[in-house]
Amino acid sequence: MNRYAMLNGQLTTNNLHNIEVVRGEKQNLIDVNNRRYVDLSSGLWNVSLGYNEELNFNIKEKFMELLDKNIPYVDMTSYFHELYNSVAEKILDFVDEKNFDRVFYTNSGSESLELSIKIVNSIMRGNYIVSFSDSYHGTFYGGMSISGISKDIVKNHNPNYDNRLTLKMPSNIEEEKKFITYIEKEGNDIGAIFIEPIIGSGGIKFCSLDFYNTLMELCKQKDIIVVFDEVATGFYKTGKKFFFKYLEHTPDILCLSKGLNNGTLPSGSVIISKKIGEMLSGKIMKHMSTQNGNLLCISTVESTLDYYKKKKSEIEENIKKINCINNELVREYSFNARIFGTIMAIQVNKNFLNNILEDIKQSGILVYRFVTKEESGISIFPPINIDDKLYRKSLKLILKTIKKYGDIQ
């Protein structure tokens, strides 16, 4: 019996693919039997740059600099280290948005959302926090209270829903208009809206850019704080560095993790605008865990951001190839898929889902699944630097496998 445990719906040690991993190489995971798998989940969306020998070598070099000085840990609340500021500067430089001003260090995407909710609760002028029905914002208490997709799973944890409004994410132009009308009517009572711009765990759902632009302009007019959860969508997965780069407006708060350091160590960040910083001035708040600002963690962020900068042209070119392959093959095989940038979802009948996942795995490819009240299917988050020829071959095989099952929706 395994002595470790997970609370993943229930107490378990079961995992999706039942593979014991011993090594990684580029876009591949290698198991204990030396079998190779193309990881099109990019490590639950963390390993955006793949199992990257060059990046990991650079990370090891940074580790050794710190460990040779015998400082694996420094208490951020008591002492200063130059990495705190230099890495924050690099994050702000990478995000490249003049309205953003300060960086908080966290240990995960869930904690980034928790901190953001604390900030919002302390300064928002309206009474309610709005989020989308199929959104997922982590497993801490604040995040659970605004994650529409997991309400049934977390009800035993008793999240506080007192001032939460979970609204259906619009799925067409008419619903987008109704959503905007609702915010126009009720906006004076809304203090903040948390936006996962592309729903990840709920199956790659998104609204039109016009909707987001109109919504953010309306929030600006009504003094509603806009928080973007780009934990899953950040770092080029949507084609640009961040989804908000497609828009005319900038969120007030940006939550990051996953691709921030290629999943190396538990790391995340919350970036706030100058406006939010001014609103926090004089407020009494508390959010600090022992490992916030862990030097080894933020050194992995530094190495990863340096890598993104060095490989920028190559990454951007490869992303275009991935997007073209997605759209081309979906048309060729006549699938109705949801695609944005490098990521995509294909709806699959729940009765066939596990068999399809297993058949795909037997072909040496790993994908992720999504299941909501309305639908189920597979989602694909390839490493953004995946070999495009291998990706084309892998996606063809996936689509052929799904096609075998006939009525997939």
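Biologist: Which residue in β12 does F194 stand opposite?

Modeller: F194 stands opposite V227 there. Keep in mind that this is a predicted model.

Biologist: Fine. And how do β9 and β12 pair, parallel or antiparallel?

Modeller: Parallel, over 4 bridges, with β9 covering residues 190–195 and β12 covering residues 225–229.

Biologist: What sheet do they sit in, and what's the strand order?

Modeller: An open sheet of 7 strands, ordered β6-β14-β13-β12-β9-β7-β8, with mixed pairing. The edges are β6 (100–106) and β8 (164–167), each pairing on one side only. On average, neighbouring strands are turned by 20 degrees against each other, if you ignore direction.

Biologist: Which strands does helix α7 lie across?

Modeller: Helix α7, residues 173–186, lies across β7 (128–132), β8 and β9, and it runs at about 155 degrees to β9. Then there's helix α8, residues 209–222, which lies across β7, β9 and β12 and runs at about 155 degrees to β9.

Biologist: Switching to helix pairs. At roughly what angle do α2 and α10 cross?

Modeller: Roughly 145 degrees, and the axes come within 9 Å. That's α2 at residues 53–67 and α10 at residues 295–310. The crossing is right-handed.

Biologist: Which residues of α2 and α10 meet?

Modeller: From α2 you have E54, L55, N58, I59, K62, F63, L66 and L67. In α10 they meet L295, L296, S299, T300, E302, S303, T304, Y307 and K310. By class, that contact has 8 nonpolar, 5 polar and 4 charged residues.

Biologist: What about α12 and α13: left-handed or right-handed crossing?

Modeller: Right-handed. The axes of α12 (residues 350–362) and α13 (residues 388–403) come within 10 Å and cross at roughly 145 degrees. I356, D359 and I360 of α12 make the contact with I398, T401 and I402 of α13. Those residues divide into 4 nonpolar, 1 polar and 1 charged.

Biologist: Is G293 buried or exposed, and why do you call it that?

Modeller: Buried, because its relative accessible area is 2%, and the cut-off for buried is under 20%. Leaving aside neighbours within four places in sequence, G293 is in contact with M76, Y84, Y105 and I298.

Biologist: New topic: how many aromatic pairs does the structure hold?

Modeller: 21. One of them is F94 with Y236, an edge-to-face pair at 6.2 Å centre to centre and 80 degrees between the planes. This pair links distant parts of the chain: F94 is in helix α3 (residues 82–95), while Y236 is in the loop between β12 and β13 (253–256), 142 residues apart.

Biologist: Are F94 and Y236 buried or exposed?

Modeller: F94 is buried, with a relative accessible area of 7%. Y236 counts as buried too, at 2% relative accessibility.

Biologist: And which residues form the aromatic cluster?

Modeller: F132, F179, F206, F211, Y212, F243, Y246 and F340 form one cluster.

Definitions and conventions:
Residues are numbered from 1 along each chain as its sequence is written. This is a predicted model: local features need pLDDT of at least 70, side-chain atom pairs count only at pLDDT 80 or more; totals for chains, interfaces and linings use all residues. Side-chain values use heavy atoms; hydrogens and water are left out. Axes are lines fitted to C-alpha atoms, for helices over the stretch in contact, and angles run from 0 to 180 degrees between N-to-C directions. Helices (H or I, at least four residues) and strands (E, at least two) are DSSP runs, numbered from the N terminus. A crossing is left-handed if the near helix is turned anticlockwise from the far one by less than a right angle, and right-handed if clockwise. Contact means heavy atoms within 4.5 Å. Ala, Val, Leu, Ile, Met, Phe, Trp, Tyr, Cys and Pro count as nonpolar, Asp, Glu, Lys and Arg as charged, and the others, Gly among them, as polar. Buried means under 20% relative accessible area, exposed over 50%, partly exposed in between (1.4 Å probe, protein chains only). Two strands pair if DSSP finds at least two bridges between them. Rings of Phe, Tyr and Trp (its six-membered ring) pair if their centres lie within 6.5 Å; planes under 30 degrees apart count as stacked, over 60 as edge-to-face and the rest as tilted.
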